[in-house]
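Please view the sequence and structure below before reading on.

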2 protein chains.
Amino acid sequence: LVGQADHMLPTVAPLSQSAIEAARERQSRLTKPPGALGRLELLGETLCAIAGVCPPPIPRHPVVAVFAADHGVALAGVTPWPQEVTAQMVANFIAGGAAVNVLARGVGADVIVVDVGVANEIPGAPAESTASFRRHRVRAGTADLSCGPAMTVYEAEAAIAVGLDVARDLISGGADLLATGEMGIGNTTPSAALIASITGRTGADCTGRGTGIDDATLARKTEIVDAAVTRAAGLNATERLADIGGLEIAALAGFIIGGAAGRVPVVLDGVITLAAALVAESLRPGVAAHCIAGHRSTEPAATIALDALGLVPLVDLGLRLGEGSGGVLAIPLIQAAAGVLTNMATFDDAGVSEA
Amino acid sequence: LVGQADHMLPTVAPLSQSAIEAARERQSRLTKPPGALGRLELLGETLCAIAGVCPPPIPRHPVVAVFAADHGVALAGVTPWPQEVTAQMVANFIAGGAAVNVLARGVGADVIVVDVGVANEIPGAPAESTASFRRHRVRAGTADLSCGPAMTVYEAEAAIAVGLDVARDLISGGADLLATGEMGIGNTTPSAALIASITGRTGADCTGRGTGIDDATLARKTEIVDAAVTRAAGLNATERLADIGGLEIAALAGFIIGGAAGRVPVVLDGVITLAAALVAESLRPGVAAHCIAGHRSTEPAATIALDALGLVPLVDLGLRLGEGSGGVLAIPLIQAAAGVLTNMATFDDAGVSEA
């Protein structure tokens, strides 16, 4: 199986240009001045392009999938948080008490948590997979990427397959919008490394303070990112993911490709999911066009990744939590953009005079 | 009654500092790194400060009130839209086909339309006020402010009283968030004039292209704004509103004060509602602190007004439609901020280790 990522990945249809044209024509007839809904109109076009139809379906069953995994590099002094917090937060997700749960409930989105590589036992977790918690632990956390490869190519591919499976299962279960989420103490480090490596930037460009680190920790983290970028030079996309990435990032890359293949909008969150989107784009060029940037994280690599992906985020509120929190906040805006195309009256319908 | 605006206005309680402190303390115990929810945390503090309690109520019954009126200045060549569009759009609001209706339905908000001064008959409108349409026409549109006072002080006060009444009625009926909306062909001109006059800026600073005007129209509009600012110099707040304002702007000022007095969050929309907020603040200093800026309109005077009000908008998607559309889009973010304070687990609750 090693090196077979490309063969297991589904085909992603190109965006529908005819649906974009139909959206523009319809927007021009709605009871509003041309362009007055700004980026909501562009978002409506994107939704049509993804679905291949105008008006696009209004997402009524959004699901945020939170992929959780641990990182050996967390023990190399890049974060003040103990590694067991990953498992504890997964328990918090299962119990419904984390930010992503609260925000998802607020917008009517379901949350599914996927253990793709948590290092520790998850307190109180169900022994078997359930509708909202899936056990797909590829390994109990990656190795420390500052000392050598984080995982094998085989493991990276297995994690990609987990994400693909989750996306397929959710879509076949009725999900009409997939939002990306993650949990993994230390995971801004592999994310910064992947983004720097893929976009040709440096550790200094891409390394941020994550959940809050001091100057000495930031300097250590930046060095680790630079060393990872150097080591990844010349590797192919899957090898790079295995060498300097993470299990939840690999799963998210598969999840994003699976969502795009299923023609549902895929909403990106912060820097970890953006790293995964860059990985996904490197594995299946064209996938990024099926993604919607939910928000702009304060992590510097987030903006670098957004620019590389050609995406402009919907929400910009200085969030840096991850979990999927920023992406979930964007869901009502996506529903709004689809709703405008579906439900607004035209000038003719409403008997309104034009300018 | 003339000149009595100050006496008819209710008292607005100051923001609760103790509720802000309580919010900060609670945020620090929630299962997230400190500050990781960015401006959502500040918004949560504001909601606590407005309600005077922590956690704040999660707004479950938001209502957007769309105040509609006509403007004599619309006939002075400041807009390409015929004046009858105001009445036609009110009919569209009543029928539920306008952007604000679609967006409000999407977020579970009710829409109420208030005719405070439409010039023409509203096609198909109910003969009497209903739950979602109120007839409070103070006069059939203002006079042309480019030739003289738009209305009398008595009329401005009557329109303020309409807004106060609507806010009181909605709050007593269970509304727990008031969003501001408006319709009035030509109403960016009085809005720009009021904003320029109140903030000490020029016509060139404050005049924008509204729903879309050419260079010659923009030049004419800018001249009219400058002349209005000159004429309003030395007038008191109510006189200025009467001289260069509009009936829906006056009603919105009353509505904003009524919402603040009732201790519910008041969500502002674009440049017209921001002009009304500045008027409200000039009538009742302290009111602006009870307002939440829903979005940043592309109109230049919107940003000038936001800065003068000390408000930072939640959504910035290049909208310039009005009706309340941008404010409505912010409602889920406000619910999210309240939801975080109410429903997120603390580190202790969830058994999560701290950094």
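**Sheet, helix packing and symmetry**

Over 7 bridges, strand S1 (residues 62-69) and strand S4 (residues 177-183) of chain B pair in the parallel sense; strands pair if DSSP finds at least two bridges between them, and strands (E, at least two residues) and helices (H or I, at least four) are DSSP runs numbered from the N terminus. The model is predicted: local features need pLDDT of at least 70 and side-chain atom pairs pLDDT 80 or more, while totals for chains, interfaces and linings use all residues. Residues are numbered from 1 along each chain as its sequence is written, chains are lettered from A and ligands numbered from 1 in the order written, and side-chain values use heavy atoms, without hydrogens and water.

**Sheet**
- The open sheet has 6 strands in the order S3-S2-S1-S4-S5-S6 (chain B), with parallel pairing.
- Strands S3 (133-135) and S6 (291-293) of chain B stand at the edges with a single partner strand each, so one side of each lacks a neighbour in the sheet.

**Helix packing**
- Helices H6 (residues 153-172) and H11 (residues 247-261) of chain B pack at about 40°, with axes 6 Å apart; axes are lines fitted to C-alpha atoms, for helices over the stretch in contact, and angles run from 0 to 180 degrees between N-to-C directions.

**Symmetry**
- Chain A superposes on chain B by a rotation of 180° with 0.0 Å of shift along its axis (RMSD 0.0 Å), by least squares on C-alpha atoms of residues with pLDDT of at least 70 in both.
- The two copies are thus related as by a two-fold rotation axis.
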